[in-house]
Amino acid sequence: MVRPRPSVGVSLLIAALVRRAVETGLRPRLLRRLGAAKKAVKVGPDREIVSAYPYRSSCPAALWRSLITNAKRELTFAGYTNYFLWLEHARFGSVLRRKAGQGCRVRFMIGDPDSDLTRSREEDEGVALTLSTRIRVTIAELEKIRNQTGIEARHSAGHAHLSVFRFDDDMIVTPLLTHSVGHDAPTLHLHRHQDDGMFDRFASHVEELWNRGTPVWERQTHGQA
């Protein structure tokens, strides 16, 4: 279940009560209770952090399904391989085709399987199922739905150690650690609450890489080759 988000009005009210308690010298017990309430209802920039997981594999599958299903405007999958998505979500290609047909923009940003960077990361990971193989699986799956308007795919080298997955105003971010694969990466679930907050910072990062990326398929324009 996705955790309900506190209203901004409640957050501001609690913050005001804490300030008032300090100004008027309220009893320490009450002050502590108000302080605890403030911590429970985030009011600063960190309110965009919905939840944190030590491993991507501990992020509930139900959360991924909910975010994908509820997205209406944008689905962006900026993982270096995005391989796990095809394994963990039944009929994922059909879901993407349907979302794109309903007007949702679907974008994939993946690494180049033949690049020096990919080979270097393969040596760092040291696993049998190599990065290049996982990238090629994603390309093969995307090939099946490439003619659906609204589905696009580009190669990029700039996100080799940071994966960002966007679902309208929600986002899952996984910074990759050395000698580890994606499912072992610490993971954040973010929800956009402000301009130039954590969500916007990561979103801008993805947009810059997307604009610098190269199409997976030649002569690709807005999801059609």
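## Reading contacts, cores and salt bridges

Modeller: Let's start with a pair of side chains: H191 makes a polar contact with D170, side chain to side chain, at 3.3 Å. A polar contact is a pair of N or O atoms within 3.5 Å; within protein, one must be able to donate a hydrogen and the other to accept it, and residues adjacent in sequence count only if both atoms are side-chain atoms. This is a predicted model, where local features need pLDDT of at least 70 and side-chain atom pairs count only at pLDDT 80 or more, while totals for chains, interfaces and linings use all residues. Residues are numbered from 1 along each chain as its sequence is written, and side-chain values use heavy atoms, with hydrogens and water left out.

Colleague: Where is H191 found, and is H191 buried or exposed?

Modeller: Buried means under 20% relative accessible area, exposed over 50%, and partly exposed in between (1.4 Å probe, protein chains only). H191 is in strand β7, residues 187–191, and is buried at 14%. Helices (H or I, at least four residues) and strands (E, at least two) are DSSP runs, numbered from the N terminus.

Colleague: Which residues is D169 in contact with?

Modeller: Contact means heavy atoms within 4.5 Å. Leaving aside neighbours within four places in sequence, D169 is in contact with R73, L190, H191, R192 and F199. D169 sits in the loop between β5 (162–167) and β6 (170–175), and is partly exposed at 29%.

Colleague: How many residues has the largest nonpolar core?

Modeller: In soluble globular proteins, nonpolar side chains tend to be buried together. A nonpolar core is a set of buried Ala, Val, Leu, Ile, Met, Phe, Trp, Tyr and Cys residues joined through side-chain atoms within 4.5 Å. Here the largest has 34 residues, and L75, F77, L96, F108 and F167 have the most contacts inside it. Apart from it lies another core of 13 residues, including M109 and L190.

Colleague: How many salt bridges does a search of the whole structure find?

Modeller: A salt bridge is a side-chain nitrogen of Lys or Arg within 4 Å of a carboxyl oxygen of Asp or Glu. The search finds 14. In one of them, R107 meets E74 at 2.9 Å, N to O. R107 lies in strand β3 and E74 in strand β2, so the pair ties together parts 33 residues apart in sequence. R107 is buried at 1%, and E74 is buried at 14%.

Colleague: Which salt bridge lies within a helix?

Modeller: One example is R212 with E208, whose closest N and O atoms are 3.2 Å apart. These two are 4 residues apart in helix α8 (residues 198–212), so about one helical turn separates them.
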